[in-house]
Amino acid sequence: MHDRQTGCAGLIPVQRLRPGDHAFVGYGVGESRWQVLTAYVWLGLARHEKVMVLADPDVPQQEVLTRLDTYGPQAAAARARGQLVLSSMREVIRPDLAFTMDRQTARLSEETARALREGYTGLRAFIDMRWVPDLGADVAGVVHRETHVEHLFAGRAYTEVCAYDRDWFAPEVVEAMHDAHPRRLHDYLGVLLSIPDDDAVRFAGDADLTTLDQFRTALTEGLAQSADRGHLLLDLTHLHFLGLHCAFDLLRQVQLATDHKRIEIRCSVLHAGILRKLGAASVPRLTLSEVRVGC
């Protein structure tokens, strides 16, 4: 069974975040809370950004380091040279004891400027919002902060992911925060979403071997439901990864869709190149539309 959501605007995998993005991610029990964090940290280190992690206050810093080292034993070295900083909201707002938006944003601006002076390309912060109950902060004030910090991201030197525990925050708060952030991240790595509507099927995430069955099912259903209209748009512009098995299956199903007069595949230049190498030009009724997608 494939995942369905009402839309995918702004919904991206963590690998597609760009400098200056402000993103929401939700998590529950299990490994989901660590997958996005570790990928986000390692991408920042690889891009020579300074990385600040404000993890769940109830999680010891050593556990955070251990989790990060699962993806390569370099977290301690990055911390030793000052590129990786494990902090907390208490430390960020010190000497203040209570959270205020002005104090927090001023300190984050200071840390961004410091990162640039130290020679890094920017600062990226991962903020687990479990600091809210830890500091006894007012949720309404936090909601206001999340929607009034555009100045932090001017110049694109600062990037931020705000992680919300779906088991602690009320569903309406999580939903509001999901909608308030300019970017929304998939909760897990290796996720495929398919969003069908009357004339299209839109895909987001990763189309690879692990999601091949989902990808195939979504294609089959989309083609069947659009057969009477004779046309269909397959929008791949929100895909981060298109594997060869999924690309081949896509072309095979389009080839067999003889009841369609026109099928358009809208995708990135990279994915269009993959489809062409697999023979897209020889598939009747198929139109490839290239879109430049930011990385």
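Where is Arg 285 found? Arg 285 is in the loop between helix 11 (269-277) and strand 12 (286-291). Keep in mind throughout that this is a predicted model. Here are my notes on it.

1. Let me stay with Arg 285 for a moment. Its phi is near 75°, which is a positive value in a residue other than glycine. That's worth a look, because most residues other than glycine have a negative phi.

2. His 48 is another one to click on. Phi there is near 60°, again positive in a residue other than glycine. You'll find His 48 in the loop between helix 1 (32-46) and strand 3. With a relative accessibility of 39%, His 48 counts as partly exposed.

3. While you're checking the backbone, look at the peptide bond between Arg 94 and Pro 95. This bond is cis, with omega at about 10°. In general, most peptide bonds are trans. Pro 95 belongs to the loop between helix 4 (89-93) and helix 5.

4. Now for the charged side chains. The model has 21 salt bridges. One of them pairs Lys 50 with Glu 118, whose closest N and O atoms are 3.0 Å apart. Lys 50 is in strand 3 (residues 50-54) and Glu 118 is in the loop between helix 5 (101-117) and strand 5 (123-128), so this pair ties together parts that are 68 residues apart in sequence.

5. Which residue does Glu 160 form a salt bridge with? The partner is Arg 145, and the closest N and O atoms of the pair are 2.7 Å apart. Glu 160 sits in strand 6 (residues 158-165) and Arg 145 in helix 7 (residues 139-146), so the bridge links parts 15 residues apart in sequence. Both Glu 160 and Arg 145 are buried.

6. Salt bridges that share partners also join Arg 107, Glu 110, Glu 111 and Arg 114 into one network. Within it, Glu 111 bridges to Arg 114, with 3.7 Å between the closest N and O atoms. Both of these residues lie in helix 5, three residues apart, or about one turn of the helix. Glu 111 is buried, at 9% relative accessibility, while Arg 114 is partly exposed, at 37%.

7. Next, a helix pair. The axes of helix 9 (residues 212-225) and helix 10 (residues 244-256) come within 10 Å and cross at roughly 20°. The two helices are therefore roughly parallel to each other, and the crossing is right-handed. On the helix 9 side, the residues that meet helix 10 include Leu 212, Phe 215 and Leu 219; on the helix 10 side, His 245, Cys 246 and Leu 250 are among them. By class, this contact has six nonpolar, three polar and three charged residues.

8. Last stop: Leu 84, in strand 4 (residues 84-87). Is Leu 84 buried or exposed? Leu 84 is buried, with a relative accessible area of 1%. Leaving aside residues up to four places away in sequence, Leu 84 touches a set of residues including Val 41, Leu 45, Val 51, Val 53, Leu 65 and Arg 79. Gly 26 is 58 residues from Leu 84 along the chain, and their C-alpha atoms are separated by 23 Å.

How values were computed
Residues are numbered from 1 along each chain as its sequence is written. This is a predicted model: local features need pLDDT of at least 70, side-chain atom pairs count only at pLDDT 80 or more; totals for chains, interfaces and linings use all residues. Side-chain values use heavy atoms; hydrogens and water are left out. A salt bridge is a side-chain nitrogen of Lys or Arg within 4 Å of a carboxyl oxygen of Asp or Glu. Helices (H or I, at least four residues) and strands (E, at least two) are DSSP runs, numbered from the N terminus. Buried means under 20% relative accessible area, exposed over 50%, partly exposed in between (1.4 Å probe, protein chains only). Axes are lines fitted to C-alpha atoms, for helices over the stretch in contact, and angles run from 0 to 180 degrees between N-to-C directions. Angles under 35 degrees count as roughly parallel, over 145 as roughly antiparallel, 65 to 115 as roughly perpendicular and the rest as oblique. A crossing is left-handed if the near helix is turned anticlockwise from the far one by less than a right angle, and right-handed if clockwise. Contact means heavy atoms within 4.5 Å. Ala, Val, Leu, Ile, Met, Phe, Trp, Tyr, Cys and Pro count as nonpolar, Asp, Glu, Lys and Arg as charged, and the others, Gly among them, as polar.
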